[in-house]
Amino acid sequence: MTTYGKKTIGYVLCGAMLVGLEVTAQVAPPPPSPELPKTWHVMDLKTEGYYGISLNKAYLALKGKKSKQVVVATIDSGIDTLQADLKPVLWTNIKEKPGNGKDDDGNGYIDDMHGWNFLGGPGGKCDFTETTEEVREYNRLKGKYAAVTESAAPDKKEFAYWQKVKVTYDSTIARSSKESVQLSQMMNVLMVTSGYVKKALKLPANGTFKLADLSKLQATNDTVVQSKNVWSYFFTEEGPTATNDKIIKSLSEYLTKLNNDINPDLESRQRIVGDDPNVWDTKPYGSGLLKFDDASHGTGVAGLIGAVRDNKYGINGVADNVRMMAIKAVPNGDEYDKDIAKAIRYAVDNGAKIVNMSFGKKISPHKNWVDEAIKYAADHDVLLVQASGNDHLDVDVNPEFPNDTFEDSSVTDIDNLISVGASGAKFDQTLAGTFSNYGKKNVDVFAPGVKVTSVDKDAEFNTADGTSFASPITAGVAALLLEYYPDLSAKQLKQIILQSAKPLTGTMVLKPGSTTEKVDFTTLSKSGGIVNAYEAVMLAAKTKGERKK
């Protein structure tokens, strides 16, 4: 999986810092950028100066109007079901009796009180540490094709697929091997320098510090200066909620992911979950446990959609009358097609009307299963909202999966799926997130995804970059529209969100992935604009609903 919502590792691997502490003393930290408001993503450009989604204006326009509750599913890394900002808005399966070990409602899932975990296994275990799909597929197929030429291959289609897998595998292993070495060095630097900073600040060994604390440092020697500079780099990039332990934990998880590519545990799925991910069947698997060590991402995603509003805690979700269904199917690594297809169907069958999907990968061995699930959602009038990805790629040229260019050629742009790129806070050349994927055909719209703050597991908060956050903000707008205009179909929700995103013709921005090349913002997506809740509400009010009863 491309880890959407987490910053790419590039800035971490800057050469000066990797050589060693001695060099970092010669490099002054960059001047800190002005701190963004924690709620910039919901602000209005004209009145507040930040290119958010104009949410307050939307709520003013809806004042006095009644809403109808909407179930929104997140297919993600799980959720902290005890998070104070989410607990009151969790979807609850009222037909299921908790903890009795029975499938009370007959839906095939035992004790699925708030959703389902397709990575779960007996004894409270979970396969949340995985490798990339290209590594799994390379190892599955190499015995059959590694020593075979195209002319001798009995299955020409599968051989062509193998060649694609091998090219992707080789690229992934080369990158992961290089980054693993570099990041290991960097982790050593961070561990050493954090110790010096804690000592200078008179903190205990398990103490934490953030950017504001560095200003208290009395730099009495070069070692403290070096350590301060190292951490200034990271804090400047990570934002106001970052602490030393959060940064080290995040990079440690990324290092684990890299090492999973290099030395994969190819038996973990069978050992923990017990099913065969390459066989489509109706045999149930998984568990009802939703919170594990990797639940941070899914918790943040759910918070942006529906965190309790105006409770003087945490953040305000975009939508004010939702129930959040948590589906765990995304590990630290690539998701399995079988799990995603099952997860979409679970969401649809259990009443979700909107599904957020903040994940993606480069290889999809069973794309037809996911395609059929997307069609199933369309047949049941369910809207899917998807992160476009964080590889600063043109996905019209380099597709990532899942997508709605179906394998059987039946669909190239389905009516119930929105692909979302990530935008920044300021109306200037940095408006497009430098990491965001883009595409005039295959990315529909952009939404705030740069330094966005949401809730985290264990009563924490997190500020992060990623189309992972742009997607749930868009899903939240879709939920808001459906709450107040319940007759709108999934197709209409998509149309309204795209049509109300004003095309920013003539706005020149840095092309994602480049520090010099500029492009017109309208070339980056189908709509050419940024999601706007107020304009969407105005358009929804004029639209006659087509949802079938």
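Modeller: Helices (H or I, at least four residues) and strands (E, at least two) are DSSP runs numbered from the N terminus. This is a predicted model, in which local features need pLDDT of at least 70 and side-chain atom pairs pLDDT 80 or more, while totals for chains, interfaces and linings use all residues. Residues are numbered from 1 along each chain as its sequence is written, and side-chain values use heavy atoms, leaving out hydrogens and water.

Colleague: Which residue with positive phi follows α4?

Modeller: Helix α4 covers residues 55–62. The residue that follows α4 has a phi near 90°, and this residue is Gly 64.

Colleague: Within what arc do the buried residues of α4 fall?

Modeller: Leu 55, Ala 58, Tyr 59 and Leu 62 are the buried residues of α4 (under 20% relative accessible area). Seen down the axis of α4, they line one face of the helix, because their directions from the axis to the C-beta atoms fall within an arc of 95°.

Colleague: Which helices are included in what covers those buried residues of α4?

Modeller: Contact here means heavy atoms within 4.5 Å. The cover of the buried residues of α4 includes residues 467–484 and 533–541, which are α14 and α16.

Colleague: Which residues does Val 477 contact, leaving aside neighbours within four places in sequence?

Modeller: Val 477 is among the residues that touch the most other members of the largest nonpolar core. Beyond those sequence neighbours, Val 477 is in contact with Ile 53, Val 318, Ile 497, Val 531, Ala 533 and Ala 536.

Definitions and conventions. Buried < 20%, exposed > 50% of the residue type's maximum accessible area, 1.4 Å probe, protein only. Core = buried A, V, L, I, M, F, W, Y, C linked by side-chain atoms within 4.5 Å.
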